[in-house]
Amino acid sequence: LSVASVEDPVVMSKIRQNLREKHARHIADLRAYYDSEIQSLKQQLESSHRTASSEDLRKINQSLTDRCDQLDAALNEASARIKALENKNNLLEKQVADWRERFSAISNTSKVLQERLEEMRTTHKEKDNTISRLKSRLKELEEAFEKAYKLSDNKNTRLQEESKMFQNLLGEYESLGKEHERVKDTLNTTENKLLDANTEISDLKRTILKLEAQLKQVEHENTLKLRH
């Protein structure tokens with residue numbers, strides 16, 4: 001079994017059907033064998049009735065009765081063991097199905113977080129580009145301010161307007177800087193959530209592999225017991 005096979009309900013259905021058919025065939029073979037043994041013993045008993053004395057017949061009858069009891073006990077034990085293995089196999093199949101559903105849910109969550117992370121990265125990149133443009137604009141305004149100041153002391157009005165523009169630009173720059181920090185914090189939080197989701201996915205994969213190994217072990221034990 002592989003993870004892909006476990007996730008395929010058709011494959012799992014075929015496996016369960018094959019196991020049931022194998023169990024039925026083995027139980028039928030066991031019953032046929034023990035019925036044949038009992039029939040053979042009955043024939044021996046009938047044959048011995050014709051030739052043996054009453055004491056010999058009693059001993060033979062007791063021996064045959066004990067043998068029949070042993071065969072019945074062995075048949076009941078084999079049937080109980082097969083039933084227990086079937087129950088354990090069904091339980092493991094349910095556990096695999098539950099873990100597969102949980103794994104699917106975590107995978108979907110991880111996918112959503114990954115998409116959101118990509119969106120945040122794109123937004124963060126756009127903010128960086130905007131900040132870079134504002135820095136360039138700020139530098140240009142600083143150069144223009146210095147140039148205007150050197151050219152004429154009589155252009156106070158213009159300088160005040162440029163100073164006001166400069167202050168407004170500084171305010172916008174600081175606001176974008178704060179927004180940039182908030183975006184960084186959100187991006188870090190999203191990356192941490194994605195890391196946790198990936199860790200949980202790895203744990204689920206290991207758990208599924210363990211359950212698959214347990215299924216193989218149960219099938220192996222079942223085969224050995226049936227052969228025995």
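**Grounds for the labels**

Modeller: The chain has 4 helices and 0 strands, where helices (H or I, at least four residues) and strands (E, at least two) are DSSP runs numbered from the N terminus. This is a predicted model, in which local features need pLDDT of at least 70, side-chain atom pairs count only at pLDDT 80 or more, and totals for chains, interfaces and linings use all residues. Residues are numbered from 1 along each chain as its sequence is written, and side-chain values use heavy atoms, with hydrogens and water left out.

Colleague: What makes E200 and R102 a salt bridge?

Modeller: A salt bridge requires a side-chain nitrogen of Lys or Arg within 4 Å of a carboxyl oxygen of Asp or Glu. The closest N and O atoms of E200 and R102 are 3.1 Å apart, so the pair meets the definition. E200 lies in helix α4 (residues 156-227) and R102 in helix α3, so the bridge ties together parts that are 98 residues apart in sequence.

Colleague: Why is E200 called partly exposed?

Modeller: Buried means under 20% relative accessible area, exposed over 50%, and partly exposed in between (1.4 Å probe, protein chains only). E200 has a relative accessible area of 27%, and therefore falls in the intermediate class. R102, at 41%, is partly exposed as well.
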